[in-house]
Every structure is written in C-alpha cells, then in structure tokens.
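User: Could you walk me through this model? I would like to begin with a hairpin and then turn to the ligand.

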Amino acid sequence: MINVKRYLFCIVFVFFFSCSNKQEKTYKIGFSQTGINDEWRKSMNQAMKIQAAFYPEIELKILEGQDDIDDQIKDIEALIAENVDILIVSPVQAAPITPIVERAFKKGIQVLIVDRKINGENYTAYLGADNYQVGTNAANYLASLSTESKRIIEIKGLLGSSPASERSSGFNNIITNTPNLNIVKRIQGNWESYSIKDSLSRVLDTNKNIDYIFAHNDRMALGAWEVLKEKGLEKSIKIVGVDGLNGPNGGIKHVQDQVFMATILYPTGGEEAIKLAVKILNGEKVAKRNILETTVIDSRNADILKNQFDKITQQQNDIEKQQDKIQLQEKIYFTQNNRLKILLGLLITSLLLAAYSIYSANSIRKKKRELEIRNNKITIQRNQIEKFAEEVKISNDAKVNFFTGLSHEFKTPITLILSSIESLSENNSIKDNKLIREVGLIYNNSKRLLRLINQLLDFRKIEDRKFVLKASETNLYEFSTRIFEDFKREAQKRNLDFSIKTNDENLKIFIDRNLMDKVYFNLLSNAFKFTPDNGSIHINIVNEANSNFVKIHFKDSGIGIPKKDLQNIFQAFFQASNNNKASSGIGLHLSKEFVEMHKGTIDVSSKHGTEFILTLYKGNAHLSLDEIIYEPDLVDNSVLNFNSDFEENEFVEVGVEDDKERYSILIIEDNSDLIKYLRNKLIGEYDVHLSDGSDGIEKAFEIVPDIIICDINLSDKTGFEICEILKKDLRASHIPVIMLTALNNKESYIKGLESGADLYLTKPFSFAVLNQSVKTLIYNREKLRYYFINNIHKINTDQSFGSIEQDFLSKINQIISDNLDNSKFSVENLASALNISRVQLYRKTKAILGVSISDYIQNIRLDKAKTLLQETQLTISEIAYATGFSSPNYFSTSFKNKFGNSPKEYRGS
Ligand code: FRU
C-alpha cells in the first residue's frame, strides 16, 4: 500500500516538475563588449541578440563594459568563471587585453575576437572588416576626386586599438604614393568627438587651406564638422568618416545631408559573430580570419544604401516582432503544455488510482472471503470448544455439586454427632474414663472431619469467588493466643517447644476472624504434622515500627520443604515431594487465597524446618467499606475449648446447681425445627417458654423471663421491633435479649444494638456459644442485682444510673419511704401506685433485686428502724410503729431474724 502511494506521488512529482516554460539551453555564449556609449556598439549588440534568438539552444550573455581596460578584464574573468562555451571579445585595446584572452583560450574555451584585435594568435577565430582596407578605401576615394594638390588632416582612433593603427597605415600607405595628396597634420583621438575638438581647432588655426579631413570614425568626423562649422570652414573642408551607420545620427544620414563627403562602411558584424560562434560550437571547421565587406558611401550611393539598410532594419524589426510573437507563442505553448502535462498527470494518477482501487477492492474482497472462511472455521472450532467446555463444565459441575452436596450432607450428621457429644460432655453422670476417652476421640475426629469438609466447601466457594471479606477490628495477639491455646495440649503431649510471642500485645488489625482462623489453623496443623516429637513451633507476631505492616511468623523445626517444591506449595492439590502423609493439598492454597483477600501476602522459606510469614496491613485503608464489619470483641469461647481437653476428661462445667431455683428462658422463634432443637437443648437447665413471634411481647410481659432468645425474621413483628418494645417497657426492660439472625452485616448488627439487644449471634451459631452467652448474661444480671440490693439507699440520689430500672427503683423507694409508718401499706398498694399488676411488680423486683417485693419493703423498714435505733432516743415501740410494723413484737422478731440481735440488744451494744 505504501509502495503504491509512493509510486503515485512520484508520478505526480515528475509531471509537475517536468513542466517548464523554457527550452533547455545547451550552449552559453559570453560576449565582452568594450562599452555601450555609442550607436555602433548598440547596433552590434542588437544584431547579436536578434541572431541568437534564432538558436533556442543558445544562451547569450553580454557584459557591456565601460571602454575601460580593467573593467573589461573583470568582465572576461567573470565569463570564464561562468564556464561559457565560447567567449566573444571586442578588446578595448590589444596589448592589455591579450593575456586574459589567452588564459581563457588556454583553459580550453573557444575564443572569437571581433572588431578590434589582440596581439598574437591565441584565439579560435577573428571576425571584422579589414581596417587596413578601410584606410586604403578612404585614401583611394580622396585620390579619385582630383589631381590637384590637396591638404589633408587625419584624425586617429584610440591609440593602441587595432582599427586605429590599421586604418591609419592603410590610409597613409596610399597617400604616400599619391603625390597630390598631403597629410598636413595627424590628430590623436579616442573614437569620441570631444577627444579631437580642441586639437583640431588649434590645427586649423595654424594650418590654412586644408581640403580634407579623414576621421577614423563618424563620431569623431561629426565633432570635426562642428569645429569647422564654428570656424565657417564647413563648406571648404570636406570630411570623410568611418562606420556608415544607418539611422538619424548615422554616417549615411550625414552623407545625405552633405555634412560628410563620404563615410567608409564598417559593419558591426553582430549577426555574423553569432553565426560563426554557433559554427564553432557545433564543431564545424571555421577560418581563423573572417573578413567582412567594406565600401565607400558618398552622395552617389547613400540613398541606395540607406534604402537597403532601412529594409534590413525593417526586416530586423519584423524579425524582432516575430521573435516576440514566437516568444509569446512559446510562452503560451509552454503554459498549455504544462497544463496538458498536469492534466495528463492527473489523468494517469486517476487511472492509476482507479486501477489501484479496483485492485484493492479485489484483494479486500479476496481477503474478506478468506477471513470469512477462517472466521467460520474459528466459529465452528469455538462452538466445538464451547460445547466441549460446556460438557466438561456440566460434568465438572455435576461432580463438584455432587461433592459439595455430599459435603453438605456430611456436615449435618457430623454437626449432630458433635452436638450429641457436647450434650454428653454436659452429662456429669458419665464417670467411666475409658468411655470418656472414646467419646473424646469421636469428638476430635468429628471435628477434624468437619474441618476437612469445610475446607472442601471453602475451596468451592473460592473457585466461585463467593467469599466476601468481613473484616473486623481484632486484637491480633488475643486472637492468635486463642488459637494457640487450641494446640497447646497437643504440644505438651508431644513435648514440643510451642510458644507465642509479640512485641505489641495491644495491636489491633482488621481481619476476617473466620477466615484468618482457618489460615492459622492450617499453618499450625501443618507445623504439628511435620514436626517430630520434642521439636519446636513458634509463633512470633512482629509489629513493624514505621511500617504499615505486621508480620506473623510460624516457624517449626520440622522436616521442611524441598527447595524445588517451595514455589508450588500454594498451588491447589500440590503435595511436597517429601510429604508422605495423607493430605488434601488445598489447605495452603486456601490460606494464600484468604490472606490475599486481606491484601496481605504469605511467604514460605525452608531452612532447618519451615517458616511461613504472613504480612498483613495495619489499619483499614486497604479495605473497601463493604469489607468492614463491626464485631464485638472476641467472645470468651473457652466453652468450645473443652474439646481439645477431651481426652483428659476435663469437661467444662456448664450446668447450674440442681437445688437452685431454675432460670426461665423465653424463645421467640418461628422455625419449628430450631425452636424444638433449642428447647431440647435448654430444657434440662432452664424453664423454657416458647413463642412463634405472634405473642412474644405479651409472653415476655406475662412471664418476665430471666432471658429472651429472639429471632429477627419473624412474620408479625421483626425481632428488632420486639426487642425495642420490650426494652422500653418497665415490665421487661431489665430482661437480657439475645438476637439470632442469619444476617451478618454491619447494618443489622448496628440495628440490633440500637433496638437494645444485649447480644447478637449470627446463624449458624454454635450451641455451646449460645449456651455460654446465656450463662454470661444471667451472671451479669445477677451482678447487677447484687449491686442494686446493696445500694438501695444510694439509688435515690445517685443520678449516674438513669436506666429504666433505676427510675423504677427510685419510684419504689420513694413510695415505700412515704408509707414507712403505714402498717397497712401493702404490695397491692405499691403495685397500683406504680400502675402495674401485683404479679408483674413481684416478678420485676424479683428479677432486678433478687428478692420478693414484700421482703424488699420489710428490709427497708428494718434498715430504717436500725438507723432510728442508732440515731434517736425513740422507744422500741415508737420505732416499730414509725417504720410501719403493726406490733412491737412482730418488729422485734423480724429485726432479730435479719440482723441476729433483738432491737433492744442492738441498741445496748
Ligand atoms: C565604435 C567605434 C567605431 C569604430 C570602431 C573601431 O566604438 O569607435 O566608431 O569604427 O569602434 O573599433
């Protein structure tokens, strides 16, 4: 394509640049003229130009000179420098111009001397009239006029120029041999009229009876006539000049006007010079001397000659006009020729473009066809591949789905097995150590199985890119320590030096606890697997100062990984060549994926064991908002840890003492399976009340349970709404609420907290975690209760509380103290003053204070009585009535029961 373009460009270029309006000149003729001040030279130049115009191949360059020697030398040098093909010279003088002409000739330039001569023979040819003959013609003419004695004055041309000397010698030669003719005086001129006037005037003054004046040219002859006229001698002295130019000031006219008696024709030879030069240039043989004809012009032939010359001039003018016309025609011709060429060029270009377009269109069509065929082939192949891939995918999906399904299927029975074992662990009646060990074995292996199945499911999830990072701010050391604890017993058993250390126990970073737990578990499992007994495994958490990263080193003294395997160790299904133990080969792959989801890296090195280094970002700038969730601080999940201690029969005590009053739980949940499951799990320890959500609030008010477990997705009101209502109502505001939800995101967590929930557990939850959470919340409630009961008096004044319970207690205390001396003041009175039922009052105070309301009133009365006994002189009876006891005896008995002493003994002490 580029070549074609270049080709077209060349064609256009050639056409445009070959266009010109001038014919190519082959020869250059340089002419050095003596000067331009007289008509003879002008006429010579004109004749040359006219003649040269007949030769289109010739370029004529005339340097016109100043009738000055130095000037002419410079002109000739310039023409030599221009490499003229032929040099024509009319030398001002012979001697000074000879060397420069010889130099040109010796350089190989053809030299044609015209009119005046140089010395020597170093030139190609000479052209001009014979000046000697001019002189003899003049003398012979005068001799022919009379036989009487005549006196002559000779006016000579420029000294040193050949015409002057030759004309003079020709003239004198004849005069000398003609007895009646005498040259009286010779005057030296320089070809111009002014040069002779003074001398002639002087000669005439001293020489009388002069008959003739012979001047070497017509210009000096005219000057002589003017002198004669001044002196009144113009009639008596006859003048003969030289040149015989035609024209208003020419010699012929002067002859016609009888100013001159005669003039000798001295042709310029301009026309002949060009003709001769062309011959020389064309390599034709030419004579060295080329002499032009000369003749005498006097009154007898002046008219004829004038007519002839006029005709010649007329013809010359015609020729000039013709030449102008020809030039114009040429110009037009060249212009049109150029246009034609351009048009032709454009036509050719268009044709070429058209041809090229056709060619291109054809090749494009051809290529298109080829491409279509290829495309079809590719489409067929692609379809085949797609079909094949689809089949493979279907088959693969079927297999993976089968395995995934199977894995899920495995999960349920294993979860049930684990739940059953957890139940067994809570059964204190099992005392048989062997049985306990067996159960522990089942438990640990079930856990292992579950982990493997989870790994399989995680792998599938990673493949499907279904994992979403849920990073929460986590104390890294605490997090690591908890996992470390899981492996401690194993380490002890195998006498491994197992340690964890850090340089920053307070460092918190954002991790997905669930995923990072799997990473840790995998790395530690591997370390334990490949480290022989008595070896070492160390976890070192390094918070790198001045860096954005924290590094977690897992270093073991195990069998290590061969160097060649290191780079493949994180590939799925890869097994190191020295690994003879059964393994799935996806643990490290998943770990790497999980770490990379945290934008972190995992590196491995192996020297005297293996070291894995996790590099994780500090802060959360590297995570997107969707990847950050809020999770409460790490839950103490020690209840989960019992499994690792299983073999040692150290079941964690999770039950409450049988003889104690059982706590009540209200479960608000509409999933019948889950409700059944929870009821069965909790019934042994708690009074379990159930609601499907429709009457959850009513039941909570009615039962006033010790704790509520509430689902979020309920058909009537959502768990959030139920919780909010309960928490705002005095009757239930003190009851801890655990929210259960499948939603695990920041918003629902915040919503849960806003609704007043005390704990937020996401499904699937571990029953053990739920159970422990229930216990913890009840325990915390007990602590609060203890606080309340021991700070009864503070409650009125201490404004730092402010919860609904605090207000409630303040109100109760106020009403009781207002009715302290009223022995008729009853629980019913208090309940109606508070605008709640007697049972609700009973349950509420029991829940928050741990004692019945009547005992509470009694306690306040007795505490007040104790103060009065201490601080007043009132009698015991007075104090009894003042504190609302119906009789002093009843007061004394009650006082002794509470404080161990009777009122009398107390005051005495
Ligand atoms: C012209 C001229 C003529 C004369 C010739 C001689 O310049 O002076 O009048 O005949 O030169 O070279």
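**Hairpin, sheet and ligand shell**

Analyst: In the hairpin of β18 and β19, three residues lie between the strands, and His-608 there takes a positive phi near 50 degrees. Strands are DSSP runs (E, at least two residues), helices are runs of H or I with at least four residues, and both are numbered from the N terminus. This is a predicted model: local features need pLDDT of at least 70, side-chain atom pairs count only at pLDDT 80 or more, and totals for chains, interfaces and linings use all residues. Residues are numbered from 1 along each chain as its sequence is written, and side-chain values use heavy atoms, with hydrogens and water left out.

User: In what sense do β18 and β19 pair, and over how many bridges?

Analyst: β18 and β19 (residues 610-617) pair in the antiparallel sense over six bridges; two strands pair if DSSP finds at least two bridges between them. Thr-601 stands opposite Thr-615 in β19.

User: What is the strand order of the open sheet?

Analyst: The order is β14-β16-β17-β19-β18, five strands with mixed pairing. At the edges are β14 (497-502) and β18 (601-606), each of which pairs on one side only.

User: And β16 with β17, over how many bridges?

Analyst: Seven bridges join β16 (residues 536-543) and β17 (residues 549-556) in the antiparallel sense. Ile-537 has Asp-556 in β17 as its bridge partner.

User: Changing topic, which residues surround the ligand?

Analyst: Among them are Asp-38, Trp-40, Arg-41, Asp-115, Arg-116, Trp-191, Arg-219 and Tyr-266; a residue belongs here if one of its heavy atoms lies within 4 Å of the ligand. By class, the shell holds four nonpolar, one polar and seven charged residues. Here Ala, Val, Leu, Ile, Met, Phe, Trp, Tyr, Cys and Pro count as nonpolar, Asp, Glu, Lys and Arg as charged, and the others, Gly among them, as polar.

User: What is the distance from a ligand oxygen to the side chain of Asp-115?

Analyst: An oxygen atom of the ligand is 2.9 Å from an N or O atom in the side chain of Asp-115. For Arg-41 the corresponding value is 3.1 Å, and a polar side-chain atom of Arg-219 lies 3.2 Å from a ligand oxygen.

User: How much of the ligand does the protein bury?

Analyst: Taken alone, the ligand exposes 310 Å², of which the protein buries 99%; accessible areas come from the Shrake-Rupley method with a 1.4 Å probe.

User: Which elements give two or more residues to the shell?

Analyst: Those are α2 (39-52) and α6 (162-176).

Technical notes
A polar contact is a pair of N or O atoms within 3.5 Å; within protein, one must be able to donate a hydrogen and the other to accept it, and residues adjacent in sequence count only if both atoms are side-chain atoms.
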